[in-house]
Amino acid sequence: MSFDEYEKALELCTYCPKLCRHTCPVGNAERRESVIPQAKMAMANLVRKGQVELTPETASVFYHCNGCGLCGEYCEHDVDVTPALFAARAEAVNKGMDPPSMKQFTDRFYARNDSLLHELHHTIEERFFVEEAQVAYFPSCDTIEHSPRVLHDTLKVLESVGVDYVALHDGEYVCAGYPFWAAGLMSELSFLAKEIASKLSNYKKIICDCPACVWMMRFLYPQLGAPISAEVLHVVEFMDNYAPRIQVSSTVPEAFYHDPCYLGRWLGVFDAPRRLMGRAVREIHEFTWNRERGYCCGGGGLVADNLPDVSAKIAQRRLEEVMRTDVPMVVSACATCERNLSQESGNVEVVNLMTLLARQL
Amino acid sequence: MAGSVRILQMTAPLTSADSRLAELRDALPDLRVSNHVTDRIAYARDLWPGGQIEKLAGKHAPEPPACVVWPKDSAQVVELVQWAKAKAGVGGDPVVLVPFGAGSGVCGGTMAGAGSVIVDLKEMDSVVRIEPHNNLVRAQSGIIGWHLEDRLNMEGLTLGHFPSSLMCSTLGGYLATRSAGQCSSLYGKIEDMATTMEVVTGTGEVLETGRDMGGGVGPSWTQLFIGSEGALGFITAATLKVHPAPAHRMMRGYGFGRVSAGCEAIRRLMQAGLRPAVVRLYDEFDTVMARSSAEKGSEADTLLDAISGRVKGSGAMPWLKRKALQMVLTRPDVTNRLIEELAPRISADGCLLVVGWEGDKRLTEVQARLGHDELMRSGGKDLGEEPGWHWFKNRYAVSYKQSKLFTSGAFVDTMEVAATWDRLMDLYEGVRKAIAPFAFVMAHFSHAYPEGCSIYFSFVGPATDPGQTRQQYDRLWRRGLTAATRAGGTISHHHGVGRSKAHFMTEEHGNSLRLLQTLKATFDPASILNPGVLGLS
């Protein structure tokens, strides 16, 4: 959707008495009124109506959004802030008014992609890259970069339940393009989506370890004219059917489960990870803000790249509740969450669900 | 950044702020400060509907602040005050410090002016300590109400303070405006909850106004600063009474033929010594709005459907509804008369009274049974649990209607006044009559006490001509508050005074206003703290 198509949402937010402000991880971290969802949307509206000039300065607040979508859970008008602000970012890009931090983003994206692709082939044995497979595992950039162990652990858990027919996707990309969407680089995203969709449509089923990749392929790609005929699942969704087959040799006493925004709120997957986690953890602790109202780790929306201090504060806030207990572990199902939370977790271990299962086999 | 962005309708050029920023950075290098253009717009004012009407005319930040600061502790607030005082002492461009919590006030209590410095207190948002044994919590004033309640709930406690702005307001804001929550009849208003506060006055002094244990001897300095709206000092922390989170909750609805009968029933309920958590009596039209608040869709639809006897399924297009709404609101006097005629037919059960009880299970059940008997003796019709739980489920929904109405070409506002029981109906009729020529008006009665009750008027007026709308809006408020004071009512119950009601402080306080002026001179001799609120310069 173009920026102007969000007129109704932007107008509603402009006159709203800030009824979602308590949810915004960025607003809470910065304590800054201009970056709460209502104010960001109002600024976008002022720019849309030409009442405030679009400049890198005014556009900068559009980038103070995790894209977590928690604000929408409290909106009676069902306003979806994330796509509206990402469209505002696209408008800034189109007018050459994106903030300096976003310059050369495309070059950086592809340089990272190529580096991680190399890393992937270095990490995983070639026997797992099979062209003729019907089910492909599409590993994500953050997993390869920050949690390469998850790749091995996922394959190990799959094998343990008798799923030996999954091959790693042997393509040119290790990212479905969420960073392009969040950067407002829609033409780059469109190109990438079509490239990936054409390759992945050869499979019957795609499983990803990144919830954002799943959401992009399942919901955004069709809007970009790049539908994928294969069924796209998060690894947790795929594994859910095999949960009873998981045989662990030991269990850990207790751990918190952190709902990744895209797996939970965006894809609606809440119970499957808890069922899987229940195979390896005797007591699952819930955060006060959980499931649909789960609080972001701070890793989304390019905030971790552009505003690392803000991102760190968000992670600290998420972990405050854990820190008040003696529970030694937080489990998640997203490499971005794992990375962001573990940077602030001190003695508390943040572990990917697949790693936890593999460890307890 | 320098902030040289072009903004239409802004009277003060944004570049004028640079000197203030430089001065602040030079004097207080550790203080977080910004003059970013987006901050100057976002902090320009609170949610006073008068400002929202100006937004409709494209005036989003007519007088933005010079900059925004975020002190991290009371020591930095002291430094800031000392700096502003020193600036005032040397003459020249005066510095004004305007406290800012979350900016949800609706009376213009937080309005920037040219050259002003907004003091955002949200860096001070910690829960300092929770004392379950003493039923107390100590928290810094910048904490968002929702977050404070969340934190207490984790310990099995509640503050019991649930304003409809819970998600977008701060503890400091509650204390500065004498806020009330939806359960005030049980837990009290914020002034009943605070035992002591830390305040940085306009002299730069840090005061602890009382002790953790309430009572004490001599005048209560805590009560002196509650409701001071940033004119006497910055409230930086407070100790508050808390309660065990309710183990049991019961909700129920009752119908009363006329609003006066409902009020009489509430009076008897409260004077019988019962303490419901929730008591809300809606007048005939507000009853319809309250019972439909869960239905998503256009508020214009609800309003029009209600006015037209809830005839649905007309298939009208949204733009037609919008036009129809504007037409209806063009002659609010006629609409109000029409509603008065239609009211009994609109709501078959008459006026809805929602009553809620909570706390210990046995105590709650006993109170609910006694309350039920009392309400039935008062002529109430038992509507069962559904209306009560419907209200509970949608208790924060009403605020969402604002943006839909504004974007439909209308303005919306509320006026909360209070009176003793003997004057309550005069207050209701008087204010209603005064507002009726300007806006479509409805009301509910809540925040009940043994001695009286508050009335919460909601009104919707036409905003098709932004210039004229503001004039009409101001006239409405003048007439409404004049009627309130003539009927022996207060000019506010829990929204505060701000700038919008400042002209009526004499009527409210009489000769005692001199005492307030004396206190202002004592605590803020340089006149640097939020001038304009409470009628103080």
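Trainee: Which strands of chain B does helix α4 (residues 74-89) lie across, and at about what angle does the helix run to β3(B)?

Mentor: In this predicted model, α4(B) lies across β2, β3 and β4 (117-120) of chain B. The direction of α4(B) relative to β3(B) is about 155°.

Trainee: In what order do the four strands of that open sheet stand, and which of them are at the edges?

Mentor: The sheet is open, with mixed pairing, and its order is β1-β2-β4-β3 (chain B). Each edge strand has a single partner, so one side of it is left without a neighbour in the sheet. Neighbouring strands are turned by 25° against each other on average, direction ignored. The edge strands are β1 (32-34) and β3 (97-100) of chain B.

Trainee: Which residue of β2(B) is the bridge partner of B:Arg32?

Mentor: β1(B) and β2 (residues 67-70) of chain B run antiparallel and are joined by three bridges. Within β2(B), the partner of B:Arg32 is B:Trp70.

Trainee: Which strands stand at the edges of the open sheet of five strands in chain B?

Mentor: The order of this sheet is β5-β6-β10-β8-β9 (chain B), and the pairing is antiparallel. A strand at the edge has a single partner strand, so one of its sides lacks a neighbour in the sheet. On average, neighbouring strands here are turned by 10° against each other, direction ignored. The strands at the edges are β5 (127-131) and β9 (206-208) of chain B.

Trainee: Is B:Ser228 buried or exposed?

Mentor: B:Ser228 is found in the loop between α9 (221-225) and β10 (233-241) of chain B. Leaving aside neighbours within four places in sequence, B:Ser228 is in contact with B:Ala176 and B:Leu534. The relative accessibility of B:Ser228 is 3%, and the cut-off for burial is under 20%, so B:Ser228 counts as buried.

Trainee: Which backbone oxygen does the side chain of B:Ser228 reach, and at what distance?

Mentor: The oxygen belongs to B:Phe225. The distance from the side chain of B:Ser228 to that backbone oxygen is 2.7 Å.

Trainee: How far apart are the end C-alpha atoms of helix α10 (residues 259-271) of chain B, and what span should its 13 residues have?

Mentor: The expectation rests on 1.5 Å a residue, which gives 18 Å for the 13 residues of α10(B). The end C-alpha atoms agree with that expectation, being apart by 18 Å.

Trainee: What arc around the axis do the buried residues of α10(B) cover?

Mentor: The buried residues of α10(B) are B:Val259, B:Gly262, B:Cys263, B:Ala265, B:Ile266, B:Leu269 and B:Met270. They lie on the same side of α10(B), because the arc they cover is only 160°.

Trainee: Which elements do the buried residues of helix α1 (residues 7-14) of chain A pack against?

Mentor: Six of the eight residues of α1(A) are buried, so the helix is largely enclosed by the rest of the structure. Those buried residues are A:Ala9, A:Leu10, A:Glu11, A:Leu12, A:Cys13 and A:Thr14. The elements they pack against are α3 (37-48) of chain A together with α3 (49-56) and α17 (401-407) of chain B.

Trainee: Which residue of β4(A) stands opposite A:Ile207?

Mentor: Strand β3 (residues 205-208) of chain A pairs in the parallel sense with β1 (residues 135-138) of chain A over four bridges, and A:Phe138 stands opposite A:Cys208. β3(A) also pairs in the parallel sense with strand β4 (residues 231-234) of chain A, over four bridges. In β4(A), the residue opposite A:Ile207 is A:Leu233.

Definitions and conventions. Residues are numbered from 1 along each chain as its sequence is written. Chains are lettered from A and ligands numbered from 1 in the order in which they are written. This is a predicted model: local features need pLDDT of at least 70, side-chain atom pairs count only at pLDDT 80 or more; totals for chains, interfaces and linings use all residues. Side-chain values use heavy atoms; hydrogens and water are left out. Two strands pair if DSSP finds at least two bridges between them. Helices (H or I, at least four residues) and strands (E, at least two) are DSSP runs, numbered from the N terminus. Axes are lines fitted to C-alpha atoms, for helices over the stretch in contact, and angles run from 0 to 180 degrees between N-to-C directions. Contact means heavy atoms within 4.5 Å. Buried means under 20% relative accessible area, exposed over 50%, partly exposed in between (1.4 Å probe, protein chains only). A polar contact is a pair of N or O atoms within 3.5 Å; within protein, one must be able to donate a hydrogen and the other to accept it, and residues adjacent in sequence count only if both atoms are side-chain atoms. The expected span of a helix is 1.5 Å times one less than its number of residues. The arc is that of the directions from the helix axis to the C-beta atoms.
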